[in-house]
Amino acid sequence: RTQGPGLLNNSDSSGALDPKNLKVKLVLLGDSGVGKSCIVLRFVRGQFDPSSKVTVGASFLSQTIALQDSTTVKFEIWDTAGQERYAALAPLYYRGAAIAVVVYDITNPDSFNKAQYWVKELQKHGSPDIVMALVGNKADLHEKREIQVQEGIDYAEKNGMFFIETSAKTADNINQLFEEIAKRLPRPSTSS
Ligand code: GDP
């Protein structure tokens, strides 16, 4: 069975790929505390609830969105749930991922450096056609900003990544993040 790299088994019962209904694995990477869980909960549940951590061992949360061309994309979102410290596990974690979302906190330069580390890891170990997004989260904290928008834009551009700043707290750009990465997915070919 042929399948686009990084796309999960989204074939219908006849075994044919359904290019209108994609199912993809998305992994979140970034320093602990940058807001990965909050971004997921905001997107999946529409809530900002820092106390409700995705528990270790919970595999993933999923959420489906419809694009304008009537394609649907079902994201299976994997959060590291604190395992970002165990770098050795990382290649297992992003195996089969079509999308990697690398998150930093715009008030925290260390988290921006760590994001760059994860990008290099993905370039070494990720699928070559993985769609990568760089996300500057906590954009609501203007007065504490340490990483300028342009720094994020420049780094993302150099590394062929989509870039966006978000706030899980105010919901700013959260849906846009997922819509934009969905649009950038390689589509399985419809020709036989
Ligand atoms: P994770 O370790 O990357 O999953 O980070 P969490 O999602 O647990 O968030 C860490 C902390 O950052 C929590 O205390 C959240 O309240 C806070 N946080 C997350 N996103 C935002 C945001 O967009 N704005 C602000 N002001 N705080 C946020």
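Reader: How many bridges join β4 to strand β5, and how do they run?
Author: Seven bridges join them, and the two strands run parallel. Keep in mind that this is a predicted model.

Reader: Why is β4 called largely enclosed?
Author: Because seven of its seven residues, 99-105, are buried. The cut-off for buried is 20 or more other C-beta atoms within 10 Å of a residue's own. Both faces of β4 are covered: I99, V101, V103 and D105 on one side, A100, V102 and Y104 on the other. In a regular strand, side chains alternate between the two faces of the sheet.

Reader: What makes one face of α3 the buried one?
Author: The buried residues of α3 are S111, F112, K114, A115, W118, V119 and L122. Looking down the axis of α3, they fall within an arc of 160 degrees, so they line one face. The face turned away from the buried side carries exposed N113, K120 and K124.

Reader: What span does α3 reach, against what is expected?
Author: Its 17 residues (109-125) reach 25 Å from first C-alpha to last, close to the expected 24 Å.

Reader: Which hand does the unit of β4, α3 and β5 have?
Author: Those three make a right-handed β-α-β unit.

Methods
Residues are numbered from 1 along each chain as its sequence is written. This is a predicted model: local features need pLDDT of at least 70, side-chain atom pairs count only at pLDDT 80 or more; totals for chains, interfaces and linings use all residues. Helices (H or I, at least four residues) and strands (E, at least two) are DSSP runs, numbered from the N terminus. The expected span of a helix is 1.5 Å times one less than its number of residues. A residue is buried if 20 or more other C-beta atoms lie within 10 Å of its own, exposed if 12 or fewer, and partly exposed in between; C-beta atoms are placed from the backbone. The arc is that of the directions from the helix axis to the C-beta atoms. Two strands pair if DSSP finds at least two bridges between them. A crossover is right-handed if, with the strands pointing away from the viewer, the path from the first strand over the helix to the second runs clockwise.
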